[in-house]
Amino acid sequence: MKRSIVISLLFISIFFQKKMFAQTDSTPILKTYKVGIFAPLYMDSLFSTKGNFRYTKSIPKFVMPGIDFVQGAQIALDSMKIWNANIAAYIYDSKSSDQPISSLIDNKKLDSLDLIIGSVKDMEYKELADFAANKNIPFISATYPNDGGITANPFVVIANSTLKAHCEAIFTYTLQNHGTDKILLCRQKGVQEDKVASYFKLLNDQDGKNLLNIQTLNFDSTIDVEILKAKLDSNKQSVIIGGSLDEEFATKLTNACYSMSQSYAITLIGMPNWDGFKSLMSKEEHEDFSVYFTTPYYNSKADNFSKVLTNGYLKKFKTKPSDMAFKGFECAHLFTKLLAKYPTDFMSHLNDKTFKVFSDFNFHPVMLKKGSTIPDYFENKHLYFVRILNGTISKAW
């Protein structure tokens, strides 16, 4: 099954690059807008120079996120209707050795694009961001939760909110709902942990005064329950923020909080990647104990768009779409329709709700330095609070 997906995708990617994909009911008087979709497909690794498939047993796991993203985007493009324009979509393998992004840029292969949608990171992200700024082409960074160090680039749109934005959302929620409660930031040593702590410190320190009484607890390889318990008050609600992206630490902190939950009212809020930790999804280990985290993407998968994607995936590939397929579908559908509606003023209408698919986005210009007049980028600041309870994820706030 997975092999057929890859072989199908190889044909699709070549077809899209050689020939435009457009609405079949197009007419000559309609404008054609070109959309480039970039994802790490690793086709050079999957196929030999003769076109033979290298893997006989299974597809490497590192390949599937990019493939799923593109397949979701393709189903969106196949299923949606655009009445006032034609859309030509091109799919690019961001990990291609024959045609890397740098070569495509140097050879002016991307100059005619009107919109870039990328599930890329690191070097490829930077290359596309710089190109977007140079050519004034909107670049939707669909899955990379990082600004990549770019500045003064008002054509970059970060849909998957940065760690800083998640900390801002947690802080705002805590300030509004738990201002007088016990608040503990629990962390271990680490670069990411330092960033989390610095974000909360910056948010909390206003004109030399702390808005919240946040106590930071530093732990090593173990979490001493007695030390944690000594900071709690059985007569008050306690908010414990897990300030680490490490699964082992998250598991230990959750175990400690769960062991005290019968005697203390605890709200445990983790980092955005905690939803991927299998240890927290056990129905038995943390029975009836909620773990909260923030996410820019939430989808109950009961809406019509989800049915279109799910049915399309089942029909083509005999399997259910992954979360990456949903992200590819959403970004291709939403931003392509916005492009068709606002071709000359796309960046000013990022928050148009007309074409909402799954999630609510709220894009804000981000100025990293005070006094800046040019946005460093636009970022989605709408984050859902969701919870893991008895192995099920659901929207909380």
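Visitor: Is Thr344 buried or exposed?
Guide: In this predicted model, Thr344 is found in the loop between α11 (323-341) and β13 (363-366). Its relative accessible area is 80%. Because the class begins at over 50%, Thr344 counts as exposed.

Visitor: What distance separates the C-alpha atoms of Thr344 and Asp114?
Guide: Along the chain, Thr344 and Asp114 are 230 residues apart.

Visitor: How many helices and strands does the protein have, and what share of its residues is buried?
Guide: The secondary structure consists of 11 helices and 16 strands. The protein has 397 residues. Of these, the buried share is 50%.

Visitor: Among contacts between residues at least 6 apart in sequence, what percentage joins residues at least 24 apart?
Guide: A contact here requires heavy atoms within 4.5 Å. Among contacts in the protein between residues at least 6 apart in sequence, the part that joins residues at least 24 apart is 71%.

Visitor: Is Ser141 buried or exposed, and which residues does it touch?
Guide: Ser141 lies in strand β4 (residues 139-141). Its relative accessibility is 0%, so Ser141 counts as buried. Leaving aside residues up to four places away in sequence, Ser141 touches Gly118, Tyr125, Val157, Ile158, Ala159 and Asn160.

Visitor: How many salt bridges does the protein contain?
Guide: Side chains of opposite charge can pair when their charged atoms come close. The criterion applied is a side-chain nitrogen of Lys or Arg within 4 Å of a carboxyl oxygen of Asp or Glu. By this rule the number of salt bridges is 12.

Visitor: In which helix do Glu226 and Lys229 lie, and how far apart are the closest N and O atoms of their salt bridge?
Guide: Both residues belong to helix α8 (residues 225-230), where they are 3 residues apart, about one turn of the helix. Glu226 is exposed, with a relative accessible area of 52%, while Lys229 is partly exposed at 30%. The closest N and O atoms of the Glu226 and Lys229 salt bridge are separated by 3.9 Å.

Visitor: Which residues are linked with Glu379 in a network of salt bridges?
Guide: Glu379 is buried, at 1% relative accessibility. Glu379 forms a salt bridge with Lys381, the closest N and O atoms being 3.3 Å apart, and Lys381 is partly exposed with a relative accessible area of 27%. The residues linked with Glu379 in the network are Glu168 and Lys381.

Visitor: Which residues form the negative surface patch that includes Glu287?
Guide: Glu287 is found in the loop between β11 (265-269) and β12 (291-295). Patch residues need over 30% relative accessible area, and Glu287, at 48%, counts as partly exposed. The negative patch is formed by Glu284, Glu285, Glu287 and Asp288.

Visitor: What is the phi of Tyr42?
Guide: Tyr42 is placed in the loop between β1 (32-39) and α2 (43-46). Tyr42 is partly exposed, with a relative accessible area of 22%. Although Tyr42 is not a glycine, its phi is positive, at about 55°.

Visitor: What is the phi of Lys301?
Guide: Lys301 is found in the loop between β12 and α10 (304-317). Its relative accessibility of 41% makes Lys301 partly exposed. Lys301 is not a glycine, yet its phi is positive, at about 65°.

Visitor: How far apart in space are Leu41 and Phe62?
Guide: Leu41 is located in the loop between β1 and α2 and is buried, with a relative accessible area of 0%. Leu41 and Phe62 are 21 residues apart in sequence. Their distance, C-alpha to C-alpha, is 9.1 Å.

Key: Residues numbered from 1 in each chain as written. Predicted model: local features only at pLDDT ≥ 70, side-chain atom pairs only at ≥ 80, totals over all residues. Heavy atoms only, no water. Patch = residues over 30% accessible without salt bridge, like charges linked within 9 Å, V, L, I, M, F, W, Y side chains within 5 Å. Areas by Shrake-Rupley, 256 points an atom, 1.4 Å probe, with all protein chains shown as cover. Lys, Arg positive; Asp, Glu negative; His and termini not counted. Charge placed at Lys NZ, Arg CZ, Asp CG, Glu CD. Helix = DSSP H or I, 4+ residues; strand = E, 2+ residues; numbered from the N terminus. Buried < 20%, exposed > 50% of the residue type's maximum accessible area, 1.4 Å probe, protein only.
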